[in-house]
Amino acid sequence: MDSSSPDLPLGYLSSVIAILLFGSNFVPLKKYDTGDGMFLQWVLCAAIWLVALVVNLILHCPKFWPFAMLGGCIWATGNVAVVPIIKTIGLGLGILIWGSFNALTGWASSRFGWFGMDAEEVSRPLLNYIGAGLSVVSAFIFLFIKSEIPNSTCSPDTTPLMTEHQAISTTPDACAGSSWVDRLSTAHRRIVGCSLAVASGILYGSTFVPIIYIKDHGKRNDSVYAGASQYDLDYVLAHFSGIFLASTVFFLAYCIAMKNSPRLYPEAVLPGVLSGVLWAVATCCWFIANHSLSAVVSFPIITAGPGFIAALWGVFIFKEIQGLRNYLLMTLAFCIILAGALCTAFSKL
């Protein structure tokens with residue numbers, strides 16, 4: 001399916017939907033124990049693949065390009081670290097770090113033509129640079145927002161939506177069935193969590209590279225990808241198949257490492273499926289935004305907003321975020337996000 005001209009309103013609408021869903025997709029998992037995350041990531045990725053299958057049927061089964069699976073494998077590799085990141089530094093700080101590196105990697109690779117892609121041009125480059133910069137600055141605001149959460153790691157309701165854990169027991173085997181993350185010291189948690197978040201962000205920012213590469217080379221008659229579709233959503237099955245394939249390999253390796261005694265959490269299955277569906281729909285919207293706006297515009301917009309949405313969940317639903325100082329910081333972050341989004345949007349006009 002090809003479109004002769006980008007649909008800017010559709011692109012911006014898709015970006016808004018993607019932001020809302022990316023900022024909410026971990027909410028179903030908040031009150032459930034997810035252990036070390038290996039079982040959860042496989043459940044989540046299975047749900048993601050099922051959504052791709054439905055979308056592919058709706059699109060009348062466009063040509064499957066195996067190279068596009070690489071992007072899914074890259075994303076799944078970064079996703080393996082999400083639960084350890086949440087358990088070590090919290091979802092808020094995790095989003096800050098992986099979101100910033102995601103935004104910078106995705107924006108820069110598209111803007112400057114890294115990895116064999118064609119450099120994306122915008123009519124107002126200065127506005128685009130400002131918008132990309134503001135999307136990163138806005139993420140740092142969330143670092144200063146503190147949430148009220150239980151001190152005990154034995155409670156299943158200890159995953160904050162916005163910031164890092166305030167106090168963590170370092171006593172080995174303090175809780176029955178604790179994972180390797182729970183046995184780390186506070187200092188080691190910080191180091192491991194931040195390092196994993198940086199690596200995940202870079203991987204997340206590279207996830208669309210194979211698809212964009214195929215599209216760019218599809219315009220060249222001498223390329224093996226000549227005639228490839230220019231509509232990003234046509235690659236959703238290949239991309240999500242890569243996600244499911246990689247996650248299955250990781251889970252099987254985990255089962256082997258655990259001597260066929262993996263830690264399974266049945267109560268997290270349905271929330272994990274719901275989380276995967278939300279993420280898959282959000283990513284489909286991102287595909288549409290990439291097609292309508294180009295990645296150099298969509299990346300700064302879509303990567304900036306989820307942290308703010310997660311903060312709203314923390315304020316109005318879970319009551320994690322309270323106090324005038326936190327509310328003022330949230331307002332400031334929203335203003336910066338809005339300014340960055342507007343700069344990036346107008347850079348395309």
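Trainee: Which residues in H10 meet which in H12?
Mentor: From H10 there are Val296, Val297, Pro300, Ile301 and Ala304, and on the H12 side they meet Ile337, Ala341, Thr344 and Ala345. Keep in mind that the model is predicted.

Trainee: How many nonpolar, polar and charged residues in the contact of H10 with H12?
Mentor: Eight are nonpolar, one is polar and none is charged.

Trainee: And at what angle do the axes of H10 and H12 cross?
Mentor: Roughly 170°, and the axes come within 9 Å. Angles over 145 degrees count as roughly antiparallel, so that is the label for H10 and H12.

Trainee: Switching to H1. How many residues does it have?
Mentor: H1 has 15, residues 8–22. From first C-alpha to last it reaches 21 Å, close to the 21 Å expected.

Trainee: Which residues of H1 are buried?
Mentor: Gly11, Ser14, Ser15, Ala18, Ile19, Leu21 and Phe22. Down the axis of H1 these fall within an arc of 165°, so they line one face of the helix.

Trainee: Why would residues three or four places apart point the same way?
Mentor: Because an α-helix has 3.6 residues a turn.

Trainee: What do the buried residues of H1 pack against?
Mentor: Three helices: H9 (269–293), H10 (295–304) and H11 (306–316).

Trainee: Last one, Asn79. Buried or exposed?
Mentor: Asn79 is in helix H3, residues 69–79. Its relative accessibility is 7%, so Asn79 counts as buried; the cut-off is under 20%.

Trainee: What does Asn79 touch?
Mentor: Leaving out residues up to four places away in sequence, Asn79 touches Gln41, Leu44, Cys45 and Tyr204.

Notes: Residues numbered from 1 in each chain as written. Predicted model: local features only at pLDDT ≥ 70, side-chain atom pairs only at ≥ 80, totals over all residues. Heavy atoms only, no water. Helix = DSSP H or I, 4+ residues; strand = E, 2+ residues; numbered from the N terminus. Expected span 1.5 Å × (residues − 1). Buried < 20%, exposed > 50% of the residue type's maximum accessible area, 1.4 Å probe, protein only. Arc of directions from axis to C-beta. Contact = heavy atoms within 4.5 Å. Axes fitted to C-alpha atoms, helices over the stretch in contact; angles between N-to-C directions. Parallel < 35°, antiparallel > 145°, perpendicular 65-115°, else oblique. Nonpolar A, V, L, I, M, F, W, Y, C, P; charged D, E, K, R; others polar.
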